[in-house]
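Take a moment to turn the model on your screen before reading on.

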Amino acid sequence: MNPAFLDNSLFRNIYCYLAGSSDSCAERGYDTTLLPAGFEWLAFAITAFLIINIVINAGLGAVVVYIWGERRILGRIQNRTGPNRWGPFGSLTSVADAIKTLFKEDIVPDEADRWLFNLAPILMVFPVLSVLAVIPFGVGTFVVDLNIGILFVIAITSMSGISVVLASWASGNRIAIFAGMRSVAMLISYEIPMALSLIGVLMLAGSMSLGKIVDAQDIPFILVQPLGLFVFLIAAQAETSRTPFDLIEAESELAAGYLNDYSSMKFGIFFLAEFLATIVASMLIVTLFLGGWRGWDPIPSQIWFAGKTVLVLLFIMWMRFSWPRLRVDQILSLAWKGLFELTLINIFVTAILIAIWPDPGITELLIMSAINWVVFFISIWLVSKLLRPGDYTAPAPRTDRPTYPVATDELPDEVAYTGGTTR
Amino acid sequence: MSGAFDSGPIATLAFFVASAMTIASAIIVVTQRDLVRAVVALAMSFVGVAAIYFILNAEFIGVVQVLVYVGAISILIAFAVMFIGDLANAGTLSQSRLVSAVAGVLMLASIIFVAYNTDWTAIDEVDDPDAVAGLVGHYEVTDGSAGENSIAAAGDEIEDARGGALVDGSSHIGPALIREFVLPFETLGLLLIAALIGALVVIRGRQEDDAQEDDAA
Amino acid sequence: MTLEIVLVVAGALFSIGLFGVLARRNIIAVIMSLELMFNGVLVAAIGFSRFTAPAALVGVDGAITESAVRSALTGHMFAVFVISIAAAETALALALVFAFYRVKQSVEITDATDMKN
């Protein structure tokens with residue numbers, strides 16, 4: 001067993017409680033032993049199982065609370081109450097939702113391939129849960145601190161593409177396949193800006209490990225890498241298919257897109273995967289750009305982390321109901337013509353700044369952040385000129401039909417139904 | 001790599017589980033008639049191979065495997081299958097199935113024979129013959145106390161000099177690409193551009209001709 | 001977990017891919033089996049790099065330099081290059097499959113028997 005595992009405080013506590021007689025535990029002062037001496041592998045297995053269990057259940061519990069919170073807060077943004085029937089302030093709504101979803105009839109269409117149809121939700125949820133393994137939730141609170149943490153996150157989120165292809169194909173109807181292909185085109189287009197926007201963070205922290213990145217944030221990287229945060233925020237929204245990028249679940253358009261034929265708990269699992277992906281994306285933003293679990297002393301680091309995650313989630317919810325949905329060609333041109341160039345500019349400028357100041361202290365970081373913010377505004381202005389919205393001129397008003405005034409009760413004089421075309 | 005040879009039973013168990021999953025998925029790929037299931041099994045086998053890379057201390061390669069193979073190549077093949085794959089009969093020919101199975105079994109047998117009958121401890125670059133004596137069974141050394149010229153001691157020296165960097169092989173891949181392997185790296189860039197342009201040319205090559213024929217007919 | 005077991009697994013992947021290349025009739029299935037063969041080779045390369053490469057570090061006189069460490073990572077570099085090239089090659093192969101389908105309206109390799117004239 002790699003002795004680096006014992007840096008994880010939760011792991012250390014459980015493992016050394018079970019097998020305190022092993023050498024590395026004895027050095028740190030534990031001496032309770034529940035298992036006989038040759039069974040350290042069993043202690044490792046039990047500890048690993050317990051930690052993974054805790055993390056996954058905490059993640060799923062967070063989704064339940066988040067769904068309620070989102071519906072409530074979106075209701076307030078839209079000047080209405082959210083759900084308020086079940087429990088105080090409607091807090092048990094998600095539980096009621098889950099019970100309803102479980103009891104719905106599970107339909108598998110005839111043309112669908114049963115085996116793949118049942119497999120697709122599992123493949124969708126698996127990458128999202130795996131990302132929870134590398135995020136540091138507090139001081140010494142993580143599942144594993146990989147040396148290649150960022151790359152692991154990007155690789156695992158790129159696995160969601162194949163599950164979308166599978167889900168759309170397994171439904172067996174053309175609408176689902178079209179929607180699935182559009183969704184995959186969007187997903188693979190936004191992997192590149194998401195990966196490249198983190199290179200600036202990687203250069204500043206000097207390591208891909210998420211724990212070391214949090215340690216390197218004496219000032220949070222939102223100040224030093226504004227372009228990186230901007231691009232990562234947009235790309236993460238697109239990867240998790242949130243509005244303004246939700247082609248799939250555009251409720252007013254293609255029914256439910258490629259999720260058309262999924263009912264009951266399979267749809268519930270897709271739904272859960274999408275919301276869990278949003279929570280994981282905001283946890284990543286907190287870790288990489290907002291300083292992770294760093295905060296001031298009397299409040300424990302896990303509470304700081306949770307508080308910052310809630311702030312980022314509020315921001316993402318705010319984005320959801322502020323902007324209209326983008327068309328698929330607008331989404332793709334934003335990725336390839338807009339965000340890609342912003343990431344290249346970010347890498348270039350950050351590399352030059354780090355070449356000038358190889359080991360930045362706090363004052364050098366502040367100078368770098370000032371330069372980066374200026375570059376941020378200039379480059380967004382330039383790229384917005386590149387992504388011109390196109391020449392759209394409103395069509396001239398028709399003169400052969402009466403024009404009805406909007407939002408009044410008056411009707412023009414010549415209103416008459418001529419019996420011609422029904423328009 | 002003082003800690004690297006300490007495999008332990010959990011790593012061995014994980015290796016066997018990952019290999020079983022990989023080989024089972026590979027068998028599904030080559031025998032499944034329905035190509036979409038074959039693509040899913042292919043993606044599973046890639047994930048199994050990535051797990052094997054993680055167990056063999058090659059984390060960077062494992063992550064690159066997931067990113068490139070599962071995240072891009074599987075989707076590419078799945079798109080191709082969705083467009084044109086299920087037209088023809090995707091099954092195997094009966095005659096060449098037997099011959100191919102014989103060829104595969106022969107290949108596997110020869111690999112196993114070579115693997116078990118070669119002495120893998122022979123190394124050309126060793127200058128100090130006394131060091132070779134410490135290398136017999138070198139991949140079973142479990143602790144760092146085997147003498148001055150053993151691998152464990154070498155690993156300790158590197159770790160002391162670099163602050164533990166050898167444990168993390170991925171930080172050496174970047175400099176390696178720029179220093180020792182710069183020529184293949186730049187050639188790879190050229191090759192990727194050539195592949196990109198070539199694929200576009202092959203796909204778009206005949207579209208103007210087809211359009212003219214449709215207009216004439 | 002010895003080197004021989006890793007090589008057996010790599011050989012098994014390679015042989016299964018070989019069977020697939022020889023016995024499948026659909027071009028895309030052949031391409032999939034070819035990817036399996038690539039993976040078999042890479043597992044062997046990484047296995048060698050893990051089990052035998054550190055021994056090369058011992059033979060270096062004096063302090064072990066970073067250059068020696070990077071040379072010991074040759075198996076990893078091999079894997080990086082082969083994965084990238086396999087990606088490009090799969091893209092090109094599938095482009096050729098599309099072009100072939102456009103001409104012949106079929107994706108079986110038994111129909112790829114005519115030269116141009």
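The model is predicted, and the predictor gives the complex an ipTM of 0.89 and a pTM of 0.83. Confidence can also be read chain by chain. Chain C has a mean pLDDT of 83, with 83% of its residues at 70 or more. For chain B the mean pLDDT is 73, and 63% of the residues reach 70 or more.

In chain C, helix 1 (residues 3-23) has the highest confidence, at a mean of 93, while helix 3 (residues 53-58) has the lowest, at 56. In chain B, the highest mean, 92, belongs to helix 2, and the lowest, 42, to helix 6 (residues 151-162).

**The three chains at a glance**

| Chain | Residues | Buried residues |
|---|---|---|
| Chain A | 423 residues | 40% |
| Chain B | 217 residues | 36% |
| Chain C | 117 residues | 51% |

What is the secondary structure of chain A made of? Chain A comes to 16 helices and zero strands. Chain B has nine helices and zero strands, and chain C has five helices and zero strands. Read along the sequence, chain B therefore gives the pattern α-α-α-α-α-α-α-α-α, and from the N terminus on, chain C runs α-α-α-α-α.

Another way to look at a fold is to ask how far apart in sequence its contacting residues are. Among contacts with a separation of 6 or more, residues 24 or more positions apart account for 72% in chain A. The corresponding share is 48% in chain B and 61% in chain C.

**Inside chain A**

Chain A is divided into domain 1 (1-98) and domain 2 (104-386). Where the two domains meet, 18 residues of domain 1 of chain A are in contact with 13 residues of domain 2 of chain A. On the domain 1 side, helix 1 and helix 3 of chain A each supply at least two residues. Helix 3 of chain A gives the most to this side, with 13 residues. By class, the domain 1 side has twelve nonpolar, four polar and two charged residues.

Now zoom in on helix 1 (residues 9-18) of chain A, where Phe11(A), Tyr15(A), Cys16(A) and Leu18(A) are buried. Seen down the axis of helix 1 of chain A, the buried residues fall within an arc of 155°, so they line one face of the helix.

**Where chain A meets chain B**

How many residues does each chain bring to this contact? Chain A brings 25 residues and chain B brings 21 residues. On the chain A side, the elements that give two or more residues are helix 3 (40-77), helix 6 (149-157), helix 7 (160-171) and helix 8 (174-197) of chain A. The residues of that side divide into 20 nonpolar, four polar and one charged.

In soluble globular proteins, nonpolar side chains tend to be buried together. The largest nonpolar core of this model has 182 residues. Those with the most contacts inside the core are Leu166(A), Val280(A), Ile285(A), Val66(B), Ile77(B), Ile28(C) and Val43(C). Helix 2 (residues 35-55) of chain B provides the largest share of this core, 17 residues.

**One residue up close**

To finish, find Ala86(C), which sits in helix 5 (residues 74-104) of chain C. Is Ala86(C) buried or exposed? Ala86(C) counts as buried because it has 20 C-beta neighbours inside 10 Å, and 20 or more is the cut-off for that class. Leaving aside neighbours within four places in sequence, Ala86(C) is in contact with Glu35(C) and Phe38(C). Leu34(C) is 52 residues from Ala86(C) in sequence, yet the two lie 9.5 Å apart in space, C-alpha to C-alpha.

Conventions
Residues numbered from 1 in each chain as written. Chains lettered and ligands numbered in written order. Predicted model: local features only at pLDDT ≥ 70, side-chain atom pairs only at ≥ 80, totals over all residues. Buried ≥ 20, exposed ≤ 12 C-beta atoms within 10 Å, placed from the backbone. Helix = DSSP H or I, 4+ residues; strand = E, 2+ residues; numbered from the N terminus. Arc of directions from axis to C-beta. Contact = placed C-beta atoms within 7 Å. Nonpolar A, V, L, I, M, F, W, Y, C, P; charged D, E, K, R; others polar. pLDDT = per-residue confidence, 0-100. Domains from an automatic or database assignment. Core = buried A, V, L, I, M, F, W, Y, C linked by C-beta atoms within 7 Å.
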